[in-house]
Amino acid sequence: MVTTENPDTSGAPSLKALWYGPLVGLVVPVLAVVAALAVGAVLLLALGASPLTGYAALIDGAVGDWNAVADTAIKSMPMLLVGVGICIAFRTGVINIGGEGQIILGAIFATLVALAVPDLPSVFLIPLVLLAGAVGGAIWGAIPGALKAYAGVSEILSTIMMNIVAAQILSFLLQDLLIEEGAIKIQQTRRLSHNADLPLLPGGTRLHLGFLVALLVAVIAYLLIYKTSLGFRLRAVGHSPDASRYAGMQVKRSVVQALALSGACAGVAGAVMVFGSISHRLIGEGGATAFTQGAGFNGIVVALFGGLHPLYTVPASFLFGGMLIGGIELQRELQVPAALIVALNGVVVVFVVSSLRLKTKLQRWSEDAVLRRGRK
Amino acid sequence: MSEFFTTTAIVATLASGIRLSAPFLIAALGESVGQRAGVLNLGVEGVMLIGAYAAYNTALETGNVLAAVFVAILMGVLMGAIYAFITVVMHAQQGISGIGIYLFGLGITDLLFQKQVGTPKPIDGLQSTSVPLLGDIPTVGEIFFRHNALVYVAYLLIPVVWFVVNRTTFGLNIRAVGETPEAADTLGVSVTWTRVSAILIGNGLAALAGAALALEIGIFQYNLTAGQGFIAIALVYFGAWRPSGIMAGALLFGIVSSTVLQWKTLGIVSGSASSFTAMAPAVLTILVLVVVSRRIGQPSALTKPFDRSD
């Protein structure tokens, strides 16, 4: 799998070797995005629009002013949270494609809590809804985890199926139990408790507390993966399940834990998306990826982009958030359907994933080159 | 509920179940060929959408159903070439690149539909043809022998895929590179080309499955496949990589889908309860995976890229 750590070069420690690896690690994914944007340019040309105007609008929309930057940050939050969870799962050798469903369950659990105890003061209610989100996501992650560990079900398939089930649960709840009472039947809850609103950060933009929550989760995940015995065990299982089992580690339990933790991060994203939204409601707009805005899938790409390291996932999520937010401006400017952004998103995924092997090869090659020079 | 248990309703449900199983069957048979060669293609859903739109648009422009099927397969093979490059040459993680293909297919078909067609226009899709003599048998004929051509094609593909995979040199190579690519490579079998061909076949069939869907219902819309491609992948596991098992799974899912539709038509389920029927195939898939996963092993080299230098 992908790894950002340099192999053991204890024989000839070299400053350059420490530099080359991360440099290549940064350049290759960025080149992959540039290549994907080139494909996008061809698509734009085919649609009869100017790619130059389009991409100027994209950059302007993503980072044109502070409001744009805040929008980018807001868009990146769920992807960062899902991505951090993906880091935990992938490091354990488990593929989690269930981010979409885990976001939804997190949002549902958080919403239920806010509906149950709306009068709790903010100091308690906000942590509580975030925790509820984490629990919802964790359950939705633990199920495919247990199915993989104890029944041998491929988590790739079960997580996809769990996504479909979650989307239908949301659709049912918003048509039935949780629908706002009133004449118009829109699939949404009533406005949730004001006490659960994520407060805006100073600066006069829409940026809210969720941003700090996402950063905090990234740091916690980093500490968990690299500084705790649990993290060591998860990485060991990801590296070699057989060796870990031989060393007396609980491989099956680790798989469940990894997917539960991964789901918990996505679940927090779901809570943040509800209580940081402008409407402060849980809204289902129909369609395959409407509520989640595809964050469950994009989180995977963001994590891979960040080399499966929770802290590098932070800038990676910004890049993606910027692209998606800028895409809205591009679409407005050029009058092309929003579907273009979904298609382009897919192209970026493909290019980034394809570039990972190139990255590993280049890193290995550059390290070898440095080592050879060191010996001369 | 009682209105469901009438001969007419049950015969109609079984007949439409067989019809609805065709896209599952075609896509899953294609996916099984790729998986036997060691390549998991999670992009089936996206390629199905591309096939569906290609067929729909060609039929809309030319009115020629045969041309529509041909264009759809061509587009599928093209997507296959891209996927083969990504996974076999670039060794990209197969699960994730498949999701990329899915998102691409989902977006590009919606984009093209909005740009080229705009408002939904129905097409003259495939007409059902009654098989001479067999179609006249009461009940049995109604259930089995009055379908459109692609349904028959889907079921004819079962022995064809079985024969190719189990009785030809090409099929032997496919199985070899799916189990032990190192050994196959040592014996002079090109792992790369065998896998690329398997991917091309799989994607061509995925697109054909999409075409079968679009030509059967005669329209195209955003996310027309609605998860059928993902279920087709699960059916390969269900069927333990054997065409006959895949057929059983496709039939099961076809009949579940048609029952759900029939219940909706008859008003047995309505409103919010339809969410539960919509999640039924996914829940069923998970349950089925739990039952079958212990029983049989997947191709040993599934999802593992092959690299001589590693």
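Author: Two residues are in contact if their C-beta atoms, placed from the backbone, lie within 7 Å. Helices (H or I, at least four residues) and strands (E, at least two) are DSSP runs, numbered from the N terminus. This is a predicted model: local features need pLDDT of at least 70, side-chain atom pairs count only at pLDDT 80 or more, and totals for chains, interfaces and linings use all residues. Residues are numbered from 1 along each chain as its sequence is written, with chains lettered from A and ligands numbered from 1 in the order written.

Reader: Which residues of α4(A) and α11(A) meet?

Author: From α4(A) come A:Gly99, A:Glu100, A:Gln102 and A:Ile103. From α11(A) come A:Ala295, A:Gly296, A:Phe297, A:Gly299 and A:Ile300. By class, this contact has 4 nonpolar, 4 polar and 1 charged. Ala, Val, Leu, Ile, Met, Phe, Trp, Tyr, Cys and Pro count as nonpolar, Asp, Glu, Lys and Arg as charged, and the others, Gly among them, as polar.

Reader: At roughly what angle do the axes of α4(A) and α11(A) cross?

Author: Axes are lines fitted to C-alpha atoms, for helices over the stretch in contact, and angles run from 0 to 180 degrees between N-to-C directions. Here the axes come within 6 Å and cross at roughly 125°. Under 35 degrees counts as roughly parallel, over 145 as roughly antiparallel, 65 to 115 as roughly perpendicular and the rest as oblique. α4(A) and α11(A) are therefore oblique to each other.

Reader: And how do α1(B) and α6(B) cross?

Author: Their axes come within 8 Å, at roughly 25°. So α1(B) and α6(B) are roughly parallel. The residues of their contact divide into 13 nonpolar, no polar and 2 charged. Among those that meet are B:Leu25 and B:Ile26 in α1(B), and B:Leu157 and B:Ile158 in α6(B).

Reader: How many residues of chain A are in contact with chain B?

Author: On chain A, 39 residues are in contact with 41 residues of chain B. α13(A) gives the most to that side of chain A, with 13 residues. The side divides into 27 nonpolar, 10 polar and 2 charged.

Reader: Which residues touch the most other members of the largest nonpolar core?

Author: A nonpolar core is a set of buried Ala, Val, Leu, Ile, Met, Phe, Trp, Tyr and Cys residues joined through C-beta atoms within 7 Å. Buried means 20 or more other C-beta atoms within 10 Å of the residue's own. Of the 224 residues in the largest core, A:Leu81 and B:Ala55 touch the most other members. Helix α10 of chain A gives the most to this core, with 17 residues.

Definitions and conventions
Buried ≥ 20, exposed ≤ 12 C-beta atoms within 10 Å, placed from the backbone.
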